[in-house]
Amino acid sequence: MLFRKCELLNHILDSGVIAVIRADDPEKALKVADAVHSGGIDAIEITMTVPDAVEVIRELRKHYRDGQVLLGAGTVLDAQTARLAIAAGTDFVVAPHLDPETVRLCNRYQKPCMPGAMSVREVVEAMELGADAVKIFPGSLVGPGFIKAVRGPLPQAALIPTGGVSLDNVSQWIGAGAVAVGVGGEITRKGLLNGDFTLITRTAAAFVEQVRLARRK
């Protein structure tokens with residue numbers, strides 16, 4: 001089981017981009033998930049703000065075989081929600097804050113957990129609790145320089161900025177030392193507004209390419 005957890009984490013980090021899906025109905029969420037996957041993003045996070053989010057995860061788990069797509073549960077505020085998401089088939093859990101009980105539960109079931117943090121102290125506390133990576137959120141308030149600064153004293157920290165990551169700056173985040181990025185509206189907003197899911201696919205592919213190029217520098 002531990003080996004499986006390491007495989008999941010490595011797959012997420014290799015992917016480089018976690019697509020954060022927020023939608024106002026389950027059907028849209030399913031369509032967006034298909035669109036970003038077609039664009040080459042293998043790590044898909046369904047936020048708990050999506051209506052019937054747990055059922056959306058369950059449906060996606062039926063649609064995509066294990067390993068084909070990594071399904072995450074996002075905006076997880078407590079251990080009870082994390083447990084429901086894991087039972088529905090989620091592969092990893094993401095939170096906007098650091099909740100010790102959620103981290104412990106994920107470790108109990110050997111699922112990668114990425115709690116949110118906005119300070120060096122919170123990053124260290126998350127690592128000490130056994131978080132597999134730390135979500136820097138909201139990234140728009142700190143910028144890529146924060147990643148570089150934190151990795152000075154904490155080079156072992158696996159940091160994933162979310163919020164404020166765009167096609168224009170994703171290379172800066174990766175160059176600063178982010179192990180991956182979480183991207184939501186920058187991939188999905190225009191496509192959802194126009195009902196253009198092919199646009200979502202193209203934007204997802206552009207993010208994947210930008211991360212690939214940034215890692216080669």
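# Pockets, a cavity and a buried helix side

Visitor: Which residues does Ser 166 touch, not counting residues up to four places away in sequence?
Guide: This is a predicted model. Contact here means heavy atoms within 4.5 Å. With neighbours up to four places away left out, Ser 166 touches Glu 186 and Phe 207.

Visitor: Is Ser 166 buried or exposed?
Guide: Ser 166 sits in the loop between strand 8 (159-161) and helix 8 (170-176). Its relative accessibility is 14%. The cut-off for buried is under 20%, so Ser 166 counts as buried.

Visitor: Which element gives the most to the lining of the second largest pocket?
Guide: The second largest pocket has a volume of about 190 Å³. Two elements give two or more residues to its lining, helix 9 and helix 10 (197-216). Ser 166 is in that lining too, as are Glu 186 and Phe 207. With seven residues, the top contributor is helix 9.

Visitor: How many residues in the lining of the second largest pocket are charged?
Guide: Among the lining residues are Glu 186, Arg 189 and Lys 190. Glu, Lys and Arg all belong to the charged class. Beside four nonpolar and five polar residues, the charged count is three.

Visitor: What volume does the largest pocket have?
Guide: The largest pocket comes to about 290 Å³. Of its 16 lining residues, the closest to its centre are Arg 22, Gly 184, Gly 185, Glu 186 and Arg 189. Strand 9 (181-183) and helix 9 (185-194) each supply at least two lining residues. The volume asked for is about 290 Å³.

Visitor: How many residues does helix 9 give to the lining of the largest pocket?
Guide: By class, this lining divides into five nonpolar, seven polar and four charged residues. Helix 9 gives the most to the lining. Its share is five residues.

Visitor: How many cavities of 30 Å³ or more does a search of the whole structure find?
Guide: The largest cavity has a volume of about 40 Å³. Its lining has five nonpolar, two polar and two charged residues, including Ile 18, Glu 45 and Lys 135. At 30 Å³ or more, the number of cavities found is one.

Visitor: How many residues of strand 2 are buried?
Guide: Take the two sides in turn. Ala 43, Glu 45 and Thr 47 are buried on one side, and Ile 44 and Ile 46 on the other. In a regular strand the side chains alternate between the two faces of the sheet. Strand 2 is mostly covered, and its buried count is five of five.

Visitor: Which residue of strand 2 stands opposite Ala 19?
Guide: Strand 1 (residues 17-21) pairs with strand 2 in the parallel sense. The pairing runs over four bridges. Opposite Ala 19 stands Ile 44.

Visitor: What arc around the axis of helix 3 do its buried residues cover?
Guide: In helix 3 (residues 53-63), the buried residues are Ala 53, Val 54, Val 56, Ile 57, Leu 60 and Arg 61. They are on the same side of the helix because their arc is only 155°.

Visitor: Which elements do the buried residues of helix 3 pack against?
Guide: The other side of helix 3 has exposed residues, Lys 62 and His 63. The buried residues have partners of both kinds, helices and strands. Those partners are helix 2 (26-38), strand 2 (43-47), strand 3 (70-74) and helix 4 (79-88).

Key:
Residues are numbered from 1 along each chain as its sequence is written. This is a predicted model: local features need pLDDT of at least 70, side-chain atom pairs count only at pLDDT 80 or more; totals for chains, interfaces and linings use all residues. Side-chain values use heavy atoms; hydrogens and water are left out. On a 1 Å grid over the protein atoms alone, a cavity is a set of points where a 1.4 Å probe fits but cannot get out, and a pocket is an open set with protein on both sides within 12 Å along at least five of seven lines; lining residues have an atom within 4 Å of a point. Grid points are joined across faces, edges and corners, and a volume is the space filled by probe spheres set on the points. Buried means under 20% relative accessible area, exposed over 50%, partly exposed in between (1.4 Å probe, protein chains only). The arc is that of the directions from the helix axis to the C-beta atoms. Two strands pair if DSSP finds at least two bridges between them.
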